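Please read the points with the structure open.

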Amino acid sequence: MAHPNDQKRITKTSLYSWVLYKNIKLQLIVVGVIVITVAMRVFPLEMQKRIINEAIGMKDLPALYRYCALYIGAVTMAGILKYIINLMQNYIGERTLMIVRERLYEHLLSLPVQFFRRTSPGNVISYIITEFIPVATFIGQAVAVPAVNILTFFAMAGYMIHLNPTIGLISITLYPIELIILPRIQKYFRRANRDRIKHTQRLSGLIGEAVSGVHEVHSNASIPLEKDRFSSVLKKLYKATLMQNSIKFGIKFINNFFMSLGPFVLFLIGGYYAIKGHFDVGAIVAFLSAYEKLYDPWKELMDFWQVYQDSSVRYKQIMRAFDHAPEFAQSTDAREPYALDNDVEIRDLSFVVGGNIKLLDRVSLKVKGGEHVALVGFSGSGKSTLALCVAQLYKYTGGSLLVGGREISELTKQDISYNLGMVAQHPFIFDGTVKENLLYSCKSLSMQGGSCTDSGEEPSLDDLIKITQQVGLFTDVLSFALRAKLGEDNKDIPLREAILSSRREFQEGDDGMYADVAEFIEFFDMNVYSRYMTVAENIAFGAAIQEEFDQEHLHERASFLTFLEDHGLLAHLTVLGETLARVVTDGMGPEPEHSAFATSPIPENSYGEYQKVANRLDSGEPLSDEEQGLILKLALCYIPGIHRQIDLDKGFANRVVKSRPDFIDLVNTEFPGAFSFFKADKYIESLNIQDNILFGRVRTDAVGAEDDINHRIMQALIMQASLEPVAEMGLNFEVGSMGDRLSGGQRQKVALARTFLKNPAVLILDEATAALDNKSQGRVQNILTNNWKGKSTVLAVIHRLDMLPYYDKIVVLKAGKVVEQGGYEELMERRGALHLLVNGKEE
């Protein structure tokens, strides 16, 4: 029988409904263990009494040993059982929390797009991650804590009454008084906790906004404004937290006061009975121990009550925040997803938002299957809104929108996934590899029973290479691979051999088949200083393999410093580093732009340190050992061909070249394996693939040279039948969070490629090539015209009007209405809205 929580929307479930959700058997086991644990807690009290009265009082050593052994055995068993109970509580709580988070995350993703536009990402993250933690604690404790503490309380109370009914009853009657006082105080605690949570969430939202919109903050110099907003909420949080903690400490004071009253009663009345001979010493010790243990369950129940109140407030606030119904059904349930025809019909479509603002006003349009339609209009005309309605991202408020004869609003998301694909103007790229992003739509489709290929398998490497070539992404993929290193884990010997074979072709220079790009390459030469290697690489004529010898640490090696001193290089490097520190920091200023560091020898994250060093140099102050190390490190990282702030002294360059054989001998003798030296007949593990193939570096002063060289490298790899393994390395390039390691154009190419792989019956493009250059846009348009026309229906929001002649129909929108539609030539001859858009004026 299905649990009610499986049939409800998660935001309609109660906190307590999760306590027994798929946990009934485990909770019963917990209760059974608790019963045994309580018995193990009472038993040592009786042993205490017998040890004092019978063993010590009667001076009976065998009884002393027997009772002590039973005592320690019971205490140990109680501890072990308590440990088992805690483990089971944690397991139940965390497992249930995992289920709740999964259900809530699934529900969250099904909510309307408008929900995410008015909800701060910081709040969503805080709700699902941070605010749920106490909920897991409560669910794990919901059965175990009340059961163990209530049973312990009655067991201890019963034992105390057994020892002396009068003292036992008086001691127990203190607790109902506390029970009356505490709930009244806790009401104020709950109120303060709600205020604290509200202000915490507001603070999270403010931080999220400021971080996401930091460019606006900088461009408006609004740091003081943002600080004021932050401080205002921070002060409210500060006051709410102080109030909550004040009440919490008051509750603790009351608990401690009532705890102290018990021993007072025992010493007063119990002492009286003992003096009169009606109460023995062993009973007093056992009674005192029982009373102390009587308070522990009471205290834990009070703590549990606070956990419940805190969890209840959090749970209700979380569920209230997400308590919105999805606009569309998510799955088809019993039936198969529809395979729709790709004709689109729009009848009197309207989309009205708050304030009776009509973003679409009775739009009508017919699109035949396989027809390509361009949507154009001035900004705010409704063209993107129309595209989003067709893609089922917006739920229209009036009219009808049919795809394959079926109403879009009645289709499930699964139906849409089977039949439609969309590329947005600002596509989202997920953290992971290029390949994972390309296969994202296909993987989602396969999880729903569909496939991007006729065979039902995942698209092959050939498929991925083909689609990346079509959208112009392949050169980027190849570039990612060429900048990568094979690494020790890649044991592809044939690839290494292919790279060396390609290297030999490039090494022929002006006499070889790649003579057209030879002038753009600075080849490695043992007898020539390389302007495109660092000073450290030039000295070694190689690159470090071991971390302690890399450019971050080489300047710290005493043996290296001695080598520099012996060869007359250290003094010049010091002057070079000091000059660079001064010139670069003076030229870049106090707060340089991120882009300025592309040609700077000083890394962005160390710029502040070098500013301080430069100031000390200008003031004539002596540098510390650490600062001198920074100066030497800067000099060793200097690349003359890239860092052109100063010129390299030719005499110094000659001394570096002459010192190379001695450095190689030093490393081979004292530090074998620390460096890989540049040898023309060996694969160099410390270099990337491009540098290995060229056995040199690309000159950055040659505009466009890298693209030409990459094209020739691609030809060389094809000739060596090694292009596919290299391309696969490029496809495994990590794109970073939200694709931040990709350019805007590269992100758009990835989005186009992943949608093209899906090959949908209806393709929606919302300014999908806006971030591409003209050449790339033309390539994508050719693919659409040659490969998709007559097969897939395309609705494209167009920003480049010179692409309009490629489309079968042009639809011009203005203020949410269709003002004209037809073929390009037909509309231009009318000299109407399209003519005005294209020419920018009326005639």
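The model shown here is predicted. Across the structure there are 26 aromatic pairs, and a search of the whole of it finds 22 salt bridges.

**Aromatic pairs and rings under charge**

- The rings of Y16 and Y308 have centres 5.8 Å apart and planes at 45 degrees, so this pair counts as tilted.
- Because Y16 lies in the loop between α1 (4-7) and α2 (24-56), while Y308 belongs to helix α12 (residues 281-321), the pair ties together parts that are 292 residues apart in sequence.
- Y16 is partly exposed at 44% relative accessibility, and Y308 is also partly exposed, at 21%.
- F153 and F154 form an edge-to-face pair, with 5.7 Å from centre to centre and 90 degrees between the planes; F153 counts as buried at 14% relative accessibility, whereas F154 counts as exposed at 58%.
- A cluster linked by ring pairs takes in F549, F560, F563, F663, F671, F675 and F677.
- The charged end of R406 sits over the ring of Y338 at 3.8 Å from its centre, and that of R496 sits over the ring of Y683 at 5.1 Å from its centre.

**Salt bridges**

- D6 forms a salt bridge with R103, the closest N and O atoms being 4.0 Å apart; since D6 lies in helix α1 and R103 in helix α3, the pair ties together parts that are 97 residues apart in sequence.
- Within this pair, D6 is partly exposed with a relative accessible area of 40%, whereas R103 is buried with 19%.
- R314 and E131 are joined by a salt bridge whose closest N and O atoms are 2.4 Å apart, and both residues are buried.
- This bridge links distant parts of the chain, with R314 in helix α12 and E131 in the loop between α5 (121-130) and α6 (133-141), 183 residues apart.
- E226 forms a salt bridge with R229, where the closest N and O atoms are 3.0 Å apart; both lie in helix α11 (residues 223-275), three residues apart, which is about one turn of the helix.
- E226 is buried, with a relative accessible area of 18%, while R229 is partly exposed at 30%.
- A network of salt bridges links R9, K12 and D323.

**A nonpolar surface patch**

- M77, I80, Y83, I84 and L87 make a nonpolar surface patch of about 460 Å²; of these residues, Y83 is placed in helix α3 (residues 61-109) and counts as exposed at 52% relative accessibility.

**Enclosed strand and helix**

- Strand β12 (residues 793-797) is largely enclosed by the rest of the structure, because five of its five residues are buried.
- In a regular strand, side chains alternate between the two faces of the sheet.
- From β12, T793, L795 and V797 point one way and V794 and A796 the other.
- β12 runs parallel to strand β3 (residues 372-376), to which four bridges join it, and L375 stands opposite V797.
- Strand β11 (residues 762-766) also pairs with β12 in the parallel sense, over five bridges, and here L763 stands opposite V794.
- Helix α13 (residues 383-390) has seven of its eight residues buried, so it too is largely enclosed by the rest of the structure; K383 and C389 are among the buried ones.
- Q392, which follows α13, has a positive phi, near 65 degrees.

Notes. Residues are numbered from 1 along each chain as its sequence is written. This is a predicted model: local features need pLDDT of at least 70, side-chain atom pairs count only at pLDDT 80 or more; totals for chains, interfaces and linings use all residues. Side-chain values use heavy atoms; hydrogens and water are left out. Rings of Phe, Tyr and Trp (its six-membered ring) pair if their centres lie within 6.5 Å; planes under 30 degrees apart count as stacked, over 60 as edge-to-face and the rest as tilted. Helices (H or I, at least four residues) and strands (E, at least two) are DSSP runs, numbered from the N terminus. Buried means under 20% relative accessible area, exposed over 50%, partly exposed in between (1.4 Å probe, protein chains only). A charge sits over a ring if NZ of Lys or CZ of Arg is within 6 Å of the ring centre and within 35 degrees of the ring normal. Patches are made of residues with over 30% relative accessible area and no salt bridge: like charges are joined within 9 Å, nonpolar side chains (Val, Leu, Ile, Met, Phe, Trp, Tyr) within 5 Å. Accessible areas come from the Shrake-Rupley method with a 1.4 Å probe; for residues, only the protein chains shown count as cover. A salt bridge is a side-chain nitrogen of Lys or Arg within 4 Å of a carboxyl oxygen of Asp or Glu. Two strands pair if DSSP finds at least two bridges between them.
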